[in-house]
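Subject: Structure handover and notes

Dear colleague,

Please find below the structure I promised to pass on to you. My notes on it follow directly after, and I would be glad if you read them with the coordinates open.

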Amino acid sequence: MLRSTFLPFFISSPFPPAQAFALRAYLPRPPHVCKYSSSAQSPTPPPPPPTPTSAYVHLPFCRKRCHYCDFPIVALGSSTPHLRDTDPRISNYVQLLLREIAATRAWSDDCTPLETVFFGGGTPSLVPPGLVSSILAALKSRFGLCDSPEVSIEMDPGTFDKEKMERLLELGVNRVSLGVQAFQEELLRACGRAHGLKDVYEAIKIVTDCSELQNWSMDLISSLPHQSQEMWEESLRCAVSARPTHVSVYDLQVEQGTKFGHLYTPGEFPLPTEMQSADFYRTASLMLSGAGYSHYEISSYCKDRYECKHNLTYWMNRSFYGFGLGSASYINGVRFSRPRRLKEYEEWVQNLEDGLVVLHEAISVDTKDMAMDVVMLSLRTAKGLDLRGFAKCFGKSLARSLCLALRQYVESGHVVAMDDDRNMLSYPEFELKMSEDNDETGNGVASIRLSDPDGFLLSSELITIAFGIISP
């Protein structure tokens, strides 16, 4: 599994799971501060969640399971060519997926169409374009699609050719996420990838030769077994040379039950130490930022205006639909995951059709849970946490308490405090603002974010501190 972030956790996420990054900083313990009490004040209740405008679709098929992967997948076999007749396992699954979409009612009646669709996996590029088209048609029929939706698909080298790429673009795909992971043959073999370096360069050429495709991302993995600093810098240079509009950098997480989980212990050779992993992260930030990429989210970099709109749905804590094996939805403030095993998922879809599964029902959501979601997701991003809006929803006492809890990290530079014009506040200015009385937040600090890269590296500890304030 990969760490798309260095935060403690995220429940039922359809994107690569957030796991703890166990970097320990030699900083003093946070001071005791006022804890949050929901009875201390009556903040404005959060507004009703808006209608979902994003859909994640899980296509679980892979040629083989990578050594780090614990995602719900279906391995088709390493020799599966990308041009052969449709594998019945794929077509049968897509039919099941279409049944789920048809049986899922829209969350509201306002007819708000979908603005983003993300095909994740697995290796969605193993699915024939005709079947991808049928899924898009089903989503359009059930929920509607806006005039210019962002439609992303994950693709692995060696699983598509020019013809398939062009066909996907014709049917509406307009964003590709290319799973390169490394530019060293030995590292690709070491992590059990089905593709080699030759496939990587062929895939890059296919993608860049398609003039109709203006938006594509490249995925890289750091902290692989035997990966050196020199190898990592080479991969970053090669990524920059390919000129993707977006780069995602994930840190390896060794999970129990995977091949890596049996072979390796985190932090021990041949895996890098925690400090080496931190250096990999700093190097990525330095090199990609230097190449003109904006570090807009803890694991994501983009050229100007090429943020992944779909992933912004997650970071902004917006509602979204999820479809397919093991996928998660976030509707009406509730996260819900589908079964991870195919047989159980089949039974679940049948129960959904029979009316035995109730989705999107009104459930009382704990305010503290909502506040923790907002803090955790906001601090993933370069924009950070809007304290004004947070105070309106959860109370200015809590907003102030968060600032007090993080004040020493403002002083150390791991947390950046900003005014209403997003100007960075020095520590003395921060202290002065904290002493001011403000009707909206209880202090004059408008927002906070984590610094890049050192604040992001310390995010696990900082989020844990914030959680302790929200729910002591």
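I begin with the charged side chains, where Asp279, Arg282 and Asp454 are linked in a network of salt bridges, a salt bridge being a side-chain nitrogen of Lys or Arg within 4 Å of a carboxyl oxygen of Asp or Glu. Before going further, please note that this is a predicted model, in which local features need pLDDT of at least 70 and side-chain atom pairs count only at pLDDT 80 or more, while totals for chains, interfaces and linings use all residues. Residues are numbered from 1 along each chain as its sequence is written, and side-chain values use heavy atoms, with hydrogens and water left out.

In total, the structure holds 15 salt bridges. One of them joins Arg338 and Glu100, whose closest N and O atoms are 2.6 Å apart; this pair links distant parts of the chain, since Arg338 is in the loop between β14 (334-337) and α10 (342-353) and Glu100 is in helix α1 (residues 88-103), 238 residues apart. Helices (H or I, at least four residues) and strands (E, at least two) are DSSP runs, numbered from the N terminus. Arg338 is buried, with a relative accessible area of 4%, and Glu100 is buried as well, at 0% relative accessibility. Here buried means under 20% relative accessible area, exposed over 50%, and partly exposed in between, with a 1.4 Å probe and protein chains only.

A salt bridge also forms between Asp156 and Arg193, with the closest N and O atoms 3.1 Å apart, and this pair too links distant parts of the chain, from the loop between β6 (145-155) and α3 (162-171), which holds Asp156, to the loop between α4 (185-190) and α5 (197-209), which holds Arg193, 37 residues apart. Asp156 is buried at a relative accessible area of 14%, and Arg193 is buried at 11%. By contrast, the salt bridge of Asp304 with Arg305, at 2.8 Å between the closest N and O atoms, involves an Asp304 that is exposed at 56% relative accessibility and an Arg305 that is exposed at 68%.

Asp219 lies in strand β8 and, leaving aside its neighbours within four places in sequence, is in contact (heavy atoms within 4.5 Å) with residues including Ser177, Gln181, Ser248 and Tyr250.

Turning to the helices, α13 (residues 396-405) is largely enclosed by the rest of the structure, because seven of its 10 residues are buried. Among the elements that cover the buried residues of α13 are α11 (367-378), α12 (387-394) and α17 (459-470). The axes of α13 and α17 come within 10 Å and cross at roughly 140°, the axes being lines fitted to C-alpha atoms, for helices over the stretch in contact, with angles that run from 0 to 180 degrees between N-to-C directions. The contact is made by Leu398, Ser401, Leu402 and Ala405 of α13 and by Ile465, Ala466, Ile469 and Ile470 of α17. The two helices, α13 and α17, are therefore oblique to each other, given that angles under 35 degrees count as roughly parallel, over 145 as roughly antiparallel, 65 to 115 as roughly perpendicular and the rest as oblique.

Most residues other than glycine have a negative phi, and most peptide bonds are trans. A cis peptide bond joins Phe269 and Pro270, with omega about 10°, and Pro270 is in the loop between α7 (259-263) and α8 (274-290). Another cis peptide bond joins Asp452 and Pro453, with omega about 5°, and Pro453 is found in the loop between β17 (447-450) and α16 (454-457). His226, although not a glycine, has a positive phi of about 70°; His226 lies in the loop between β8 (216-222) and α6 (229-242) and is partly exposed, at 47% relative accessibility.

With best regards
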